[in-house]
Amino acid sequence: QVQLVESGGGLVQPGGSLRLSCAASGSIISIPQMRWYRQAPGKQRELVAAISHHGDTNYADSVKGRFTISRDNAKNTVYLQMNSLKPEDTAVYYCNDDIRNQRGLINYWGQGTQVTVSS
């Protein structure tokens, strides 16, 4: 079994910063891709950022220059550093990993962590 556990969400004022973490545990050989998605109330889930095993990254246009995705392969953990937060960044943030184990390559989701940007 594989489990993704997120942490780091919370309430922050506009212009503030938060750092999200997502640790994968269980039967893992490698994690080719790690991603962060978010879903705001009444909106579809959207891809925020992604990072490959070798560190290649891509970002949604709405977060470029403000958010940074990174990973620690030894810890099977992905991070999302969020700076200059705006009220429109308010959403539930989910990590999403492609994990390779004895069963093959399988996509897993975390449980989500709430980020609220408000004064």
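Strands here (E, at least two residues) and helices (H or I, at least four) are DSSP runs, numbered from the N terminus. You are looking at a predicted model, in which local features need pLDDT of at least 70, side-chain atom pairs count only at pLDDT 80 or more, and totals for chains, interfaces and linings use all residues. Residues are numbered from 1 along each chain as its sequence is written, and side-chain values use heavy atoms, with hydrogens and water left out.

**Stop 1: the whole chain.** Show the cartoon: the protein has 11 strands and 0 helices. Its radius of gyration is 14 Å, close to the 14 Å that the globule rule gives for 119 residues, so the protein is as compact as a globular protein of that length. That radius is taken over C-alpha atoms, and the rule is 2.2 Å times the number of residues to the power 0.38. Along the principal axes, the C-alpha trace spans about 45 × 25 × 25 Å.

**Stop 2: Thr77.** Select Thr77, which lies in strand E8. Is Thr77 buried or exposed? With 7% relative accessibility, Thr77 counts as buried; buried means under 20% relative accessible area, exposed over 50%, and partly exposed in between (1.4 Å probe, protein chains only). Leaving aside residues up to four places away in sequence, Thr77 touches Cys22, Ala23, Met34, Ser70, Arg71 and Asp72, where contact means heavy atoms within 4.5 Å.

**Stop 3: across to E3.** Thr77 is the bridge partner of Ala23 in E8. E3 and E8 run antiparallel and are joined by 6 bridges; two strands pair if DSSP finds at least two bridges between them. E1 also runs antiparallel to E3, again with 6 bridges, and there Ser7 has Ser21 as its bridge partner in E3.

**Stop 4: the disulfide.** Next, select Cys22 and Cys95, whose sulfur atoms are 2.0 Å apart in a disulfide (a pair of cysteine sulfur atoms within 2.5 Å). Cys22 sits in E3 (residues 18-26) and Cys95 in E9 (residues 91-101), so the pair ties together parts that are 73 residues apart in sequence. The link is right-handed, with 50° about the S-S bond, and both cysteines are buried.

**Stop 5: the core.** Finish with Trp36, Leu80, Met82 and Tyr93, which touch the most other members of the 29-residue largest nonpolar core. Such a core is a set of buried Ala, Val, Leu, Ile, Met, Phe, Trp, Tyr and Cys residues joined through side-chain atoms within 4.5 Å.
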